[in-house]
Amino acid sequence: MAAHLMASCYNNLRYRQRLILVAFCLGGFGLMSVYTSHGNKSVERNSLLIGEVEVIASATKSTNSKCSHQKNILFLKTHKCGSTSVYHTILRYGMKKSLSIALPKQGNRWFPKWMLFQRNMVAPFLPDKDRYNIVCHNTRYNKAEIDKTLGKGAVRFSIIRDPVNVFESYYKYYKIENRIRVNLTTFYEDPSHYFYLLLKSKSLDLPARNPMMYDFGLEVSDFDNRTVIEGKLKSIEKEFDLLMIAKHFDESMILLQQLLCCALNDVVGFKINSRFDNLKEIMNDSLKQKIREWNWADQLLYERFHRIFYTKVQRHGTSKMSKAVSQLQREREKYKARCVEGVRVRNIGEMAKTGVSAKILIYNGNSSDHECQLLLNPGALTWNHMSTIDRKE
């Protein structure tokens, strides 16, 4: 039946669209993994969207080869989306290019998570009237205050992930099972009950529902307001230049390189804070579906921007993308040979007063090589960087 549908659609395409479709199918890029919505339910599909040929056709239009080196940057660091790897890349990028980085006050690793970003949350390295070049620590998106901090011309990007994987990681990381004495499966027998139980406890800095959209500024009170959610999605599409996709990390980094108009080695990085696969929960299809339905605002976010991401890859060119990804991976291996002296396991649950739990991989680096320090642990260098940076804007 699928073959019949493809043939029927193919016969109805214009000649140029046929060429695009054939070229795509032969290219074997295999990026699509989207979710089609039926009411409140979503069904995963790993196939080419034949009905979206117009998107593919428009995506093949050539882009302007000229670009401007970007110095003013917002990276919205989303929770449990592989964002630490990108965060490290942006810190390294900023320090290499002597850019000012907006840091949380008192040496904190993130801005307050229970409220939208405010300019006065930033450690006062620069006068209030001055703009910073980069905001990249965990915070909740607030356009007006970001504009005050960076200026309106800043490029804006973030990273998102399949909501099922986000919530599974969230549940383990924040030790939800220990907090409410139920496992993930039981939680989804009555998610509303357990959600409000956690909310009333005020023990978490991130709600147990739609954590990605919460990071983008959606309030808990609007989690069931479709009008507000649709408006927020439109605003994100208008205001952000790129939403990277965690499972297509390397392709995302190539698009980031294009957005920043920078060298390839500026976006070389390692996966940071990644968990062991054998510690991840095995979920059946029924549980996955319940997670999608409960986190339906996150699901809409992921569906919408996965399609947009796919379009951007097509605009870039699948053959060109494949070559760029291969080159990025080769550069990563070179840096790994130069900088990584070993890998160890770190149980962050052993850290005092974290309230979180995870066993993650940590790289032991070459401490005598400054470039390696920037690559593997740039966060440790940022405070000193901002203490010594030239403050002339």
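Colleague: Pairing of two strands takes at least two bridges between them by DSSP. In E5, what is the bridge partner of Leu74?

Modeller: It is Arg156. The elements are DSSP runs numbered from the N terminus, with at least four residues of H or I for a helix and at least two of E for a strand. Before going on: this is a predicted model, in which local features need pLDDT of at least 70 and side-chain atom pairs count only at pLDDT 80 or more, while totals for chains, interfaces and linings use all residues. Residues are numbered from 1 along each chain as its sequence is written, and side-chain values use heavy atoms, with hydrogens and water left out.

Colleague: Fine. How many bridges do E3 and E5 have?

Modeller: Four, in the parallel sense, with E5 covering residues 155–160.

Colleague: And what order do the strands of the open sheet take?

Modeller: E4-E3-E5-E6, four strands with parallel pairing. E4 and E6 (242–245) are at the edges and have a single partner strand each, so one side of each lacks a neighbour in the sheet.

Colleague: What does H4 touch on that sheet?

Modeller: H4 packs on the sheet and touches E3, E4, E5 and E6, where contact is heavy atoms within 4.5 Å. The direction of H4 makes about 160 degrees with that of E3. Axes are lines fitted to C-alpha atoms, for helices over the stretch in contact, and the angle between N-to-C directions runs from 0 to 180 degrees.

Colleague: Back to the other neighbour of E3. Which residue in E4 is opposite Leu74?

Modeller: Val135. E3 (residues 73–76) and E4 (residues 134–135) run parallel and are joined by two bridges. Between them the chain passes through H4 (residues 83–96), and this β-α-β crossover is right-handed: with the strands pointing away from the viewer, the path from the first strand over the helix to the second runs clockwise.

Colleague: Side chains of E3: buried or exposed?

Modeller: Buried, meaning under 20% relative accessible area with a 1.4 Å probe and protein chains only; over 50% is exposed, and partly exposed is in between. Ile73 and Phe75 point one way from E3, Leu74 and Leu76 the other.

Colleague: What about E6, which residues cover its faces?

Modeller: Leu242 and Met244 are on one side, Leu243 and Ile245 on the other, and all are buried. E6 runs parallel to E5 with four bridges, and Leu243 in E6 is opposite Ser158.

Colleague: Changing topic, how many salt bridges are there?

Modeller: The whole structure has 18, a salt bridge being a side-chain nitrogen of Lys or Arg within 4 Å of a carboxyl oxygen of Asp or Glu. One of them joins Glu371 and Arg92 at 3.0 Å, N to O. Glu371 is in H16 (residues 370–376) and Arg92 in H4, 279 residues apart.

Colleague: What relative accessibility does Glu371 have?

Modeller: 16%, so Glu371 counts as buried. Arg92 is buried too, at 1%.

Colleague: And Arg156 again, what is its salt-bridge partner?

Modeller: Asp147, with the closest N and O atoms 2.4 Å apart. Arg156 and Asp147 are both buried. As for networks, salt bridges with shared partners join Arg92, Lys96, Lys97, Asp266 and Glu371 into one.

Colleague: Which residue does Arg140 meet in a salt bridge?

Modeller: Glu219, at 3.5 Å, N to O. Arg140 is in the loop between E4 and H5 (143–150) and Glu219 in the loop between H10 (211–215) and H11 (226–239), so the pair ties together parts 79 residues apart in sequence. Arg140 is buried at 2% relative accessible area, whereas Glu219 is partly exposed at 32%.
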